[in-house]
Amino acid sequence: MFAEATEVALKSGWFLEHAWVVPVIPALSFFLIIFFGKRMPKKGSEFGVASMLGSLVFAGGAAYQWIQRVNGAPEGAFVSPVVKTWTWWQNSGISFGIGQHVDGLTVAILLVVAFISTLVQIYSLEYLRGDRRYTHFFASLTLFSAGMLNMVVAENMIQLILGWEIMGLCSFLLIGHWWEEGANSRAALKAFFTTRTGDIGLLTGTAILFFSANEWTTKTLGVSGFSIRGLSSWALSGDPGHAAITMGAIALFIAAIGKSGQFPLHTWLPDAMAGPTPVSSLLHSSTMVVAGVFLVARLYPVFFKGMDILGGSANFIVVIGGITIVIAALLAFVQTDIKKVLAYSTVSQLGYMMMGLGAGAWLPAVFHIFTHAFFKACLFLGAGSISHSSSHHSFEMKKDMGGLRKFMPITFGTWIISTLALCGVFPFSGFFSKDEIIDNVGHNGYNVFMYVGLAGAFLTAAYMTRATYLTFFGQPRGASAGEHHEEESHDSHAAHDDHADHGHDAHDSHDAHASQGPHESGWLITVPLIILATLALSSGFLNALPFGEKFENFKKWVEPSAEVVNPTGIAYVVGGVGEARIASETPTDSTVEEGEAHSETPMAPTASGEDTYSSESGHSKSPCGTETPEQGVCAAPQLNHAPFKWSKAGMSMLIVLAGFLLSLFVCIQLYEKKNKKFVGLTERNKVLGFGYKLLVNKYYLDVLYEKIIVRSIAHPISAAVYWFNQKVLDGVINGAGTTAKGIAGWVYRNIDQRVVDGAVNGTGSVAQGAGSALRPVQSGKVNQYGALLFGAAAIGALVLVIVNT
Amino acid sequence: MFVNQFLILAAVLFCIGVYGVIARKNAVLVLMSIELILNSVNINLLAFSMRNGSLDGHTFALYIIAIAAAEVGVGLAMVLLMYRNRRSIDLDELSEMKG
């Protein structure tokens, strides 16, 4: 069969082959900031911004060359990833490397992460000006980006874990940046411990998959069972046993639940808002929380087979995603803190991505990562802009905001664009990704979850309308009305203020803010906002399905083809064998699409030949994912794509519109007119009151974790240990004591007094002499003890050597 | 396999560590020196593990890393308490244990 194969040279390029430089630049910059930052004129922030710009250039170059590579490849052929690897660790037949695995998914996420990181760093120059830990903030922020970028280019699971854990550590540092406030350091700990709970799954899953896959990958592909391309092909090869791959996939998905804030481990994410706003923006748009989704997208074949996606019944991923969408969206309604609304909105949107992945809608989910990063970063930075310039560092919508649209036109405009994008209004970017997810979920037969998605769209529109209304409309309240309530700013949103009080000149400038009243932020804040809003508006056109196939660029560039390829064609290893060649094996009309939208565009076969697949060319489906390829290997499962229909899009538009109008109506009644029918409804109506109480208490999940689980495990253990200590240990010691006393009395009377005393008096004087001689040794100086210890050990070693030779 | 170089490196690290433990007055630096000693042992273990082609040494090294982390945790907690009570972490001033 391979005799017929056409060899097609694929383009590569310098940036593509050096994509590993992207995470290395910020990693080096981290050390520069730590060691030299405080001595620099800009306190180290110049290193951070410069390194992120450097990463952005490299990521952009890699993305450009990847697009060239895909465009140069025949239609529908599998474009092999560009892989480079150095051996990191090797012993007794087991080895793993460190390097890069660059394909469409990698370059897309690299570009987003580098881009958002750059903007967030620029924004932080203004937002954290005068902060007492300014240098450390930039160091952590840079290392954080390095961790995410490293995870994205990771060639194998070990490198991925490395990046994953760097992010975990840096999120702890950044969330707890103002740790003088108890609540902030608790939030940091909570984020760290909750994600660590999930990380157990990552380690377990990696181990399970390694031990199951290593033999096959070594034999077939010549790579270890940690390698991502190895695991992907192995999952689709028919080699894995059902139990192994299912357990591996579940374990890895638990890690994704922890990191990506899925139900039931989402509780850390809203608390993580204790960090400075740029951190929230970076963590919750493109990096930390996307890591879990990225993991699922990266190792998609493993989840595809392990979870039996497209198998016809609901699976673990789609269920978790669906639950997360709804519960998080409901929670957003009862928040008064604008950042918490956005946090729950992030959780809900991550639910969409997970649901999409779980239902076989890989491309829309990845595209949603891409678009969501822009508009969510813009929303967070907008919230930061409000608190920085107008509401005196408060995030309370009800108390300290309102009517800000007149004072902050740029922030307001960018906020509105991003909100529309988040709600999925045509033609903003969210429409092209979120609607596609909902569509494809339904198309793949998960009808229940399609309705869950639509309900989520309704709720999203409603809570965002509420937040927008409270922030930008109505009358200014509290701090934004110019009230400078000193005592209040200390207890409710003290993080920033308190820190400024501790610190130095920053406090004066803060007072200046308040006395000026609400105003627009400086250009270091507004320019990133405008750039992000532009992208929130336009990035959807990268994959604008309604306008026909010409606009489906993202799909063309990012989605791997499900072609069966020769094992050597699974990757282009830089400097290795099989350079830049793929074995384009099947001359079927090889596009991966299915469905009527594409049926009228027949693809020209890339090569002609007589082989097994040409007989099936009618149904244009690769066997990958559904059956075991007879020869060659697969790198990606065959997925379906829902054809775009205006009727379906129109329906979801109507639902969103209904959400807007209903929420607007309720908001006006509730906050503007103080309608008696609405105000205090939750206190009068029992059902609503119960629901409200449930939401305010976050479904009692925190209570469950802290009071019940931790207490039920930790308290019995400590009680048991205490009991053991008091009763058993003390009992033994007391018993021994009494016995010893009895014996001693007898000995004293009979032996000691008569026999020993005489002898003792003699030895006593000897001992006294020896004691005073040795007393200087017991100097109480630890160093001297150490010296004696090592001296004795050295003498012992010497004796050992002499005796043995 | 060049085991010698590893052993020499380990010996040098060990000696630096011992010197630090004996000569330093700052408790934190003493703890760091202890880390150096532990890591020189790790290098020895890894060198022989590589030479013998077995994973045992690596496993031991992982254990040592874990235990060293716990040890430093306890050690730093003690240093912190010392500092709180005496406003100093100079080991020379801590000679109340003398007999």
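A:V82 stands opposite A:V102 in β3(A). The strand β2 (residues 82–91) of chain A pairs with β3(A) in the antiparallel sense over 9 bridges, where pairing requires that DSSP finds at least two bridges between two strands. Strands here are DSSP runs of E with at least two residues, helices are runs of H or I with at least four residues, and both are numbered from the N terminus. Together with β4, these strands make an open sheet of 3 strands in chain A, in the order β3-β2-β4 and with mixed pairing. Because β3 (94–102) and β4 (572–573) of chain A each have a single partner strand, they stand at the edges, and one side of each is left without a neighbour in the sheet.

This is a predicted model, in which local features need pLDDT of at least 70 and side-chain atom pairs count only at pLDDT 80 or more, while totals for chains, interfaces and linings use all residues. Residues are numbered from 1 along each chain as its sequence is written, and chains are lettered from A and ligands numbered from 1 in the order in which they are written.

Chain A is divided into domain 1 (309–485 + 513–560) and domain 2 (701–775), with bounds from an automatic or database domain assignment. The centres of the two domains, taken over C-alpha atoms, are separated by 65 Å.

The largest nonpolar core has 219 residues, and those that touch the most other members are A:A62, A:L110, A:V293, A:V296, A:F303 and A:V366. Helix α16 (residues 362–389) of chain A gives the most to this core, with 17 residues. A second, separate core of 6 residues includes B:V18, B:V21, B:A27 and B:V30. A nonpolar core is a set of buried Ala, Val, Leu, Ile, Met, Phe, Trp, Tyr and Cys residues joined through C-beta atoms within 7 Å. A residue is buried if 20 or more other C-beta atoms lie within 10 Å of its own, exposed if 12 or fewer, and partly exposed in between, with C-beta atoms placed from the backbone.

A:M353 lies in helix α15 (residues 338–358) of chain A. A:M353 is buried, with 32 other C-beta atoms within 10 Å. Its C-alpha atom is separated by 9.5 Å from that of A:V318, 35 residues apart along the chain. Contacts of A:M353 and A:V293 are tabulated below, not counting residues up to four places away in sequence; contact means that the C-beta atoms, placed from the backbone, lie within 7 Å.

| Residue | Residues touched (C-beta atoms within 7 Å) |
|---|---|
| A:M353 | A:V293, A:A365, A:H368 and A:I369 |
| A:V293 | A:A256, A:S260, A:L350, A:M353, A:M354, A:L357 and A:I369 |

Chain B has 3 helices and 0 strands. Its radius of gyration is 17 Å, whereas a compact globule of 99 residues would have a value near 13 Å; the radius is taken over C-alpha atoms, and the globule rule is 2.2 Å times the number of residues to the power 0.38. The C-alpha atoms of chain B fill a box of roughly 50 × 25 × 25 Å along the principal axes. Of the 99 residues of chain B, 16% count as buried.

At the interface, 17 residues of chain B are in contact with 12 residues of chain A. On the chain B side, α1 (3–23) and α2 (27–52) each supply at least two residues, and the largest share, 3 residues, comes from α1(B). By class, this side has 8 nonpolar, 6 polar and 3 charged residues. Ala, Val, Leu, Ile, Met, Phe, Trp, Tyr, Cys and Pro count as nonpolar, Asp, Glu, Lys and Arg as charged, and the others, Gly among them, as polar.

Note on methods
Two residues are in contact if their C-beta atoms, placed from the backbone, lie within 7 Å.
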